[in-house]
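Hello,

Here is the structure we spoke about. Please look it over first; my notes on it follow below.

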Amino acid sequence: MKILIADDHDLVRETLAAFLECEPDLNVHTSEDLQSATAQIRNEGPFDLVLLDYTMPGMNGLTGLETAIKMNENRPVALMSGTAPKAIAQKALDLGAIGFLPKTMGAKSLVNAVRFMAAGDVYAPIKFMTNDSTEELNPLAKGLSVRELQVLGGLCQGLANKEIARDLELQEVTIKLHVKTLCRKLNAKNRTHAAMMAKEAGLF
């Protein structure tokens, strides 16, 4: 099976690839952003499975997912993330993703999930998808838009406005505005306080 892993974090990408390359029948390719991923799909695809990081450059929310699904000739494409809330995972599945992988998954579970999805079966961790302690029951998330949640996720990763802007393909001034709005909505003193509140609330 031919697998493509696209993630802009070198350690994550290389670790995932190393896990999967231990399997004798998996041929693993990697990319660091959506542009290079779509180039590989165009030149070497379609792949049996494409794994896309939700916040890597070029994704623009779930638009990148839809692009990859079309380019991969409707072969399995999955979303993976360490910060996306359940609502994003569900929307990705609704748009045609074959699955959603939290980056907290263990190596054995990851390999099993990859085989499952490459066979054409939808995969999403039941525990994650049925966890009601996330955005639905949390008043902080209830008042935030999907874009604001993406920016808040970046703050929780300790990213600067410039880095968040790059990941979401937005202007840095737009991110500054979102951060200001987030602080107002969350009654946070600053970006660090907002991130701390989100983590304490279990959003990320």
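**Helix contacts**

From helix H9, Asn161, Lys162, Ile164, Ala165 and Leu168 meet Glu172, Ile175, Lys176 and Val179 of H10. Contact means heavy atoms within 4.5 Å. Helices are DSSP runs of H or I with at least four residues, strands are E runs of at least two, and both are numbered from the N terminus. By class, this contact of H9 with H10 has five nonpolar, one polar and three charged residues. Ala, Val, Leu, Ile, Met, Phe, Trp, Tyr, Cys and Pro count as nonpolar, Asp, Glu, Lys and Arg as charged, and the others, Gly among them, as polar.

This is a predicted model: local features need pLDDT of at least 70, side-chain atom pairs need 80 or more, and totals for chains, interfaces and linings use all residues. Residues are numbered from 1 along each chain as its sequence is written, and side-chain values use heavy atoms, without hydrogens and water.

H9 covers residues 161–168 and H10 residues 172–186; their axes come within 8 Å and cross at roughly 110 degrees. So H9 is roughly perpendicular to H10 (65 to 115 degrees; under 35 is roughly parallel, over 145 roughly antiparallel, the rest oblique). Axes are lines fitted to C-alpha atoms, for helices over the stretch in contact, and angles run from 0 to 180 degrees between N-to-C directions.

H8 (residues 146–156) and H11 (residues 191–200) have axes that come within 9 Å and cross at roughly 100 degrees. They are therefore roughly perpendicular too. Leu152, Leu155 and Cys156 of H8 touch Arg191, Ala194, Ala195, Ala198 and Lys199 of H11. That contact holds six nonpolar, no polar and two charged residues.

Two cavities of 30 Å³ or more turn up in the whole structure. On a 1 Å grid over the protein atoms alone, a cavity is a set of points where a 1.4 Å probe fits but cannot get out; lining residues have an atom within 4 Å of a point. Points are joined across faces, edges and corners, and a volume is the space filled by probe spheres set on them.

The second largest cavity has a volume of about 50 Å³. Its lining includes Thr55, Gln150, Ile164 and Leu168. H8 and H9 each give two or more residues to this lining. By class, it has three nonpolar, five polar and one charged residues.

**Confidence**

The chain averages a pLDDT of 85, and 92% of the residues score at least 70. pLDDT is the predictor's confidence in each residue, from 0 to 100. Residues 133–137 stay under 50.

Best wishes

Terms used: On a 1 Å grid over the protein atoms alone, a cavity is a set of points where a 1.4 Å probe fits but cannot get out, and a pocket is an open set with protein on both sides within 12 Å along at least five of seven lines; lining residues have an atom within 4 Å of a point.
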